[in-house]
Amino acid sequence: MIQLTRAEEQIMQVLWTLQETTVQDIRERFDDPKPARTTIASVLNILENKGFATHKSFGRVNVYYPVVAKNEYSKTQLFGMIKNYFNNSLPAMVSFFAKEKNLSVEELDELLEETKKELMQEEKRKQS
């Protein structure tokens, strides 16, 4: 999957949040100074060409929708980061972030327990 630019990701974040939106609605989500409508429309056009978004026209208004789910894009980017920066080692990545965030042993234990619970819940869902 293609990696998006920062501007493309910003607009996709809005699309993922709202699920359907207009250029004006996207523009309102930005802090001042807000980007020009034409800039947002251009980025949306690029996102459509990349297969990340689509739109439907209602008169003179285009309503945009995400085509790629946020979790799919996030998963691809995360696994790419693990591969490219941590030699494809999840423990190396976790260790790096644990050191960077100065996590305590208790916090690491809590993280491990939460992960175990989520994996068990996912396994139950698959069996249902």
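## Two asparagines in a loop

N87 is exposed, at 71% relative accessibility. Exposed here means over 50% relative accessible area, buried means under 20%, and partly exposed lies in between (1.4 Å probe, protein chains only). N87 sits in the loop between α4 and α5 (90-100). Helices (H or I, at least four residues) and strands (E, at least two) are DSSP runs, numbered from the N terminus. The phi of N87 is near 50°, a positive value in a residue other than glycine.

N88 is found in the loop between α4 and α5 too. The phi of N88 is near 60°, again positive in a non-glycine residue. N88 is exposed, with a relative accessible area of 57%. Most residues other than glycine have a negative phi.

## About the model

This is a predicted model: local features need pLDDT of at least 70, side-chain atom pairs count only at pLDDT 80 or more, and totals for chains, interfaces and linings use all residues. Residues are numbered from 1 along each chain as its sequence is written, and side-chain values use heavy atoms, with hydrogens and water left out.

## Helix α3

What is the distance between the end C-alpha atoms of α3? The end C-alpha atoms are 18 Å apart. The 13 residues of α3 should span 18 Å at 1.5 Å a residue, so the two values agree. The expected span is 1.5 Å times one less than the number of residues in the helix.

Which residues of α3 are buried? They are I40, V43, L44 and L47. They cover an arc of only 100° around the axis, which puts them on the same side of α3. That arc is taken from the directions between the helix axis and the C-beta atoms. An α-helix has 3.6 residues a turn, so residues three or four places apart point the same way. The buried residues of α3 pack against α1, α2, β1 and β2 (61-66). The face turned away from the buried side carries the exposed residues T38 and N49. After α3 comes G51, with a positive phi near 85°.

## Salt bridge K50 to E8

The structure holds 5 salt bridges. A salt bridge is a side-chain nitrogen of Lys or Arg within 4 Å of a carboxyl oxygen of Asp or Glu. One of them joins the side chains of K50 and E8, at 2.8 Å from N to O. K50 lies in the loop between α3 (37-49) and β1 (53-58), and E8 lies in helix α1 (residues 6-18), so the pair ties together parts that are 42 residues apart in sequence.

Is E8 buried or exposed? E8 is buried, at 4% relative accessibility. K50 is partly exposed, with a relative accessible area of 28%. Beyond its neighbours within four places in sequence, E8 is in contact with V43, I46, L47 and K50. Contact means heavy atoms within 4.5 Å. Two of these partners, V43 and L47, are listed among the buried residues of α3.

## Salt bridge K75 to E72

K75 and E72 form another salt bridge, with the closest N and O atoms 3.6 Å apart. Both residues lie in helix α4 (residues 70-85). They are 3 residues apart, about one turn of the helix. K75 is partly exposed, with a relative accessible area of 40%. E72 is partly exposed as well, at 36% relative accessibility.

## The stretch around P33

D32 takes part in two features. First, D32 forms a salt bridge with K34, the closest N and O atoms being 3.8 Å apart. D32 is exposed, at 66% relative accessibility. K34 is partly exposed, with a relative accessible area of 24%.

Second, a cis peptide bond joins D32 and P33, with omega about -5°. Most peptide bonds are trans. P33 is placed in the loop between α2 (23-28) and α3. A36 lies in the loop between α2 and α3 as well. A36 is partly exposed, at 38% relative accessibility. The C-alpha atoms of A36 and Q24 are separated by 9.7 Å, and these residues are 12 residues apart along the chain.
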